[in-house]
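This report describes how a protein model holds its ligands. Please look over the sequence and structure before reading on.

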Amino acid sequence: MISSDSLPQVLQNVNSATDAADASCHAHGDLVSCAAMQVQSEAVTTPAPIVSETIPIEKIEMRLVRLPLNEPFETSFGSIDSRLIFLVSVSSAGMTGWGEVVASEEPRYSYETVGTAQHVIRDYLAPAMLARPLMDLKELAARFATFRGHNMAKAGLELAYMDLLARTRGISLSKLIGGKRERIPVGVSLGIQPSLDLLLERVERYLLLGYQRIKLKIKPGWDLDVVAEVRQRYPDILLSVDANCAYTITDNDCLKALDEFGLLMIEQPLGNDDLIDHAKLQSSLTTPICLDESITSPERAKQALEIGSCRIINIKIGRVGGYSQALAIHDLCYDRNVPVWCGGMLESGIGRAHNIALASLPGFSLPGDISASSRYFARDAIVPEVTVDADGTVKVPQRPGLGFEVDLDYIDDKTTQREEIEG
Ligand code: OSB
Ligand code: MG
C-alpha cells in the first residue's frame with residue numbers, strides 16, 4: 001500500500017509551489033491584464049513594440065480532419081479508434097492563429113458535438129467575432145457570453161484568437177497569459193483495456209517513458225480489482241482514477257473502498273452536472289475528489305469549492321469556454337490554494353500546444369493529461385511533435401504563438417470538410 005503520508009506530501013508540494021509563484025502579478029487576480037502588464041513593463045527596457053490596439057479579424061476557417069488513434073481509447077461512455085479533429089483558424093493582416101474545438105462526434109462526454117459546434121460557430125460566434133475589430137480577450141468573451149452554453153465552440157475561437165494575438169506581438173502563448181513554468185509535469189490517461197494484463201503492460205510502458213502520474217479509467221466492474229493490482233505492483237507511483245460519471249451516490253461503499261489505495265484523486269465519480277452528491281461523497285472520503293465534467297464555469301468552480309464537492313479541479317479550456325474562463329478558474333483556485341491540472345480531450349497537437357501554454361501558469365501544480373503526440377497519433381498536426389522527456393516533463397515552447405509549426409500539408413491531406421466565413 002502507498003504510505004499514508006505520501007498524498008499530503010504531494011499536496012504540500014502543491015501549496016509551496018503556488019506560494020512561491022509570482023505574487024505581484026497574481027495580486028491583480030486577472031491573468032489577462034497581468035500578461036498585458038508584463039508586456040508593458042518590458043517595454044520600459046526595450047524599445048516599445050509597435051502593437052496595434054485592435055485586431056480586425058478578416059476570416060474564420062473551420063475544418064474537419066480525421067486522425068486515426070494509435071490504439072482505441074475506451075472510457076465508461078464507450079470506445080473510439082479515431083478522432084475527428086475540428087480545427088479553427090482566424091486571420092488578420094496576413095497572420096493566422098489556430099485553435100481546436102474539442103467536441104466529440106457524439107454527445108457523451110458533454111452535450112456538444114462536432115455538428116453543434118459547427119452550427120453555433122457558423123451562425124452565431126463567427127458573426128459576433130467578425131462584427132468589428134477586437135480590443136482584447138475580455139471583449140471577445142463578452143461577445144460570446146451573450147450566447148448560452150456551447151463552451152467548446154467558444155473555446156475553439158478563443159484559442160485561435162489568442163494564438164493570433166501572441167503571434168502578432170511576437171511572444172509565446174505562455175508569456176501572453178502570464179505563464180511561469182518552463183517545463184510542465186505530465187501524466188498519462190489509460191483507457192479501459194480488454195484485459196488486466198494489457199493494462200499492466202501499458203502502465204509499465206508509460207512509467208518507463210517517465211510519465212509522472214498514471215490515471216486509470218474506471219467503471220463499475222473495472223475498478224477495485226484493477227486499482228488493487230496496479231497499486232500492489234507500484235506502491236509509490238502517483239496514481240489516480242477517472243470514472244467519467246459512471247457511479248451514483250448509492251455506490252458509496254465501492255468508492256469508499258478506493259480510499260485504501262492512496263490515490264492522488266478520484267476524478268468525476270458522479271453525475272456530470274452534480275455538485276451536491278459529490279460534496280456528500282467527499283465528506284466521507286479521505287482521497288480528494290477532482291471534478292472534471294461538473295466544472296463548466298468559474299461560477300460552478302466557486303460553488304464546488306464552497307460546498308466541498310472537490311479538493312482538486314481539472315481545467316479543460318474547451319469544457320469551460322476558453323482562455324477567459326480557464327484563467328478565471330485558475331485564479332480563483334490559486335487564491336484558495338486549490339491545486340489544478342490541465343485535462344485533455346485527445347486533442348491534436350494544436351489543442352495540445354494550447355494546453356501546454358495553459359499548464360505553464362503557476363497554479364498548475366499537478367501533472368496534466370498532456371501526453372506525447374506518439375501516445376495518440378502516428379503523425380500529429382504540428383511540427384515538431386510533442387515529446388515527453390525522461391523526467392516526465394514537456395518543455396514549454398518560447399517561440400511566438402503556439403510555438404509549433406502547423407503541418408498544413410498533412411492537415412490539407414487529411415481534411416474532410418472545410419468552410420470559410422468572412423466578415
Ligand atoms: O475525462 O479526462 C477525461 C479523453 C476524452 C474525454 C474525456 C477525458 C479524456 C481523457 C484523455 O482522459 C486525456 C488525454 O487527452 O490524454
Ligand atoms: Mg476526466
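A polar contact is here a pair of N or O atoms within 3.5 Å. The model shown is a predicted one, and the distances below should be read with that in mind.

Several side chains reach oxygen atoms of the ligand: an N or O atom in the side chain of Lys217 is 3.0 Å from an oxygen atom of ligand 1, a polar side-chain atom of Ser189 lies 2.9 Å from an oxygen atom of ligand 1, and for an N or O atom in the side chain of Tyr376 the distance to an oxygen atom of ligand 1 is 2.6 Å. Taken alone, ligand 1 exposes 390 Å², and the protein buries 96% of that.

Because Asp242 belongs to strand E7 (residues 238–242), while Asp292 sits in the loop between strand E9 (289–291) and helix H12 (298–307), the pair ties together parts that are 50 residues apart in sequence.

Are these two aspartates, Asp242 and Asp292, buried or exposed? Asp242 counts as buried because its relative accessibility is 1%, and Asp292, at 0% relative accessibility, counts as buried too; the cut-off for buried is under 20%.

Methods:
Residues are numbered from 1 along each chain as its sequence is written. Chains are lettered from A and ligands numbered from 1 in the order in which they are written. This is a predicted model: local features need pLDDT of at least 70, side-chain atom pairs count only at pLDDT 80 or more; totals for chains, interfaces and linings use all residues. Side-chain values use heavy atoms; hydrogens and water are left out. Helices (H or I, at least four residues) and strands (E, at least two) are DSSP runs, numbered from the N terminus. Buried means under 20% relative accessible area, exposed over 50%, partly exposed in between (1.4 Å probe, protein chains only). A polar contact is a pair of N or O atoms within 3.5 Å; within protein, one must be able to donate a hydrogen and the other to accept it, and residues adjacent in sequence count only if both atoms are side-chain atoms. Accessible areas come from the Shrake-Rupley method with a 1.4 Å probe; for residues, only the protein chains shown count as cover.
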